[in-house]
Amino acid sequence: QMASAPVAEELRQLRVQVDKLKERLDFMAPMLSLLTFTQDFFQRVECEASVQLMRLKNAKLALAPPNAGGGADCVDDEKMVDLAKWLNTMTDLVIA
């Protein structure tokens, strides 16, 4: 019986750990569907922005990229997502 006491304690600790992991999983599972929805929404918005940029370019309405001598807050055009490019283009067209 002396050997069974440490085994029983270890088993109890493992059950506590499993219960904690189940609680964490129950907490995280609903977030996964929200994350999937958010990623899907972002992809659809990006796709639509890309389509609209292409339409502007084909209609030759998109403005030329700004001069390289821009301020420190300028974002590298290659790294910008299409939504940001589209918003910048539309802002430039409205201001012009």
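Lys 85 and Asp 82 form a salt bridge, with their closest N and O atoms 3.9 Å apart. By salt bridge I mean a side-chain nitrogen of Lys or Arg within 4 Å of a carboxyl oxygen of Asp or Glu. Side chains of opposite charge can pair when their charged atoms come close. Lys 85 and Asp 82 are 3 residues apart in helix H2 (residues 82-95), so about one helical turn separates them. Helices here are DSSP runs of H or I with at least four residues, numbered from the N terminus. Lys 85 is partly exposed, at 22% relative accessibility. Buried means under 20% relative accessible area, exposed over 50%, and partly exposed in between, with a 1.4 Å probe and protein chains only.

A word on the source: this is a predicted model, where local features need pLDDT of at least 70 and side-chain atom pairs count only at pLDDT 80 or more, while totals for chains, interfaces and linings use all residues. Residues are numbered from 1 along each chain as its sequence is written, and side-chain values use heavy atoms, leaving out hydrogens and water.

How many salt bridges does a search of the whole structure find? The search finds 3. In helix H1, Arg 12 and Glu 9 are 3 residues apart, about one helical turn, and their side chains meet at 2.8 Å, N to O. Arg 12 is partly exposed at 45%, and Glu 9 is partly exposed at 33%. Asp 40 pairs with Arg 44 at 3.4 Å between the closest N and O atoms; both lie in helix H1, 4 residues apart.

Note on methods:
Helix = DSSP H or I, 4+ residues; strand = E, 2+ residues; numbered from the N terminus.
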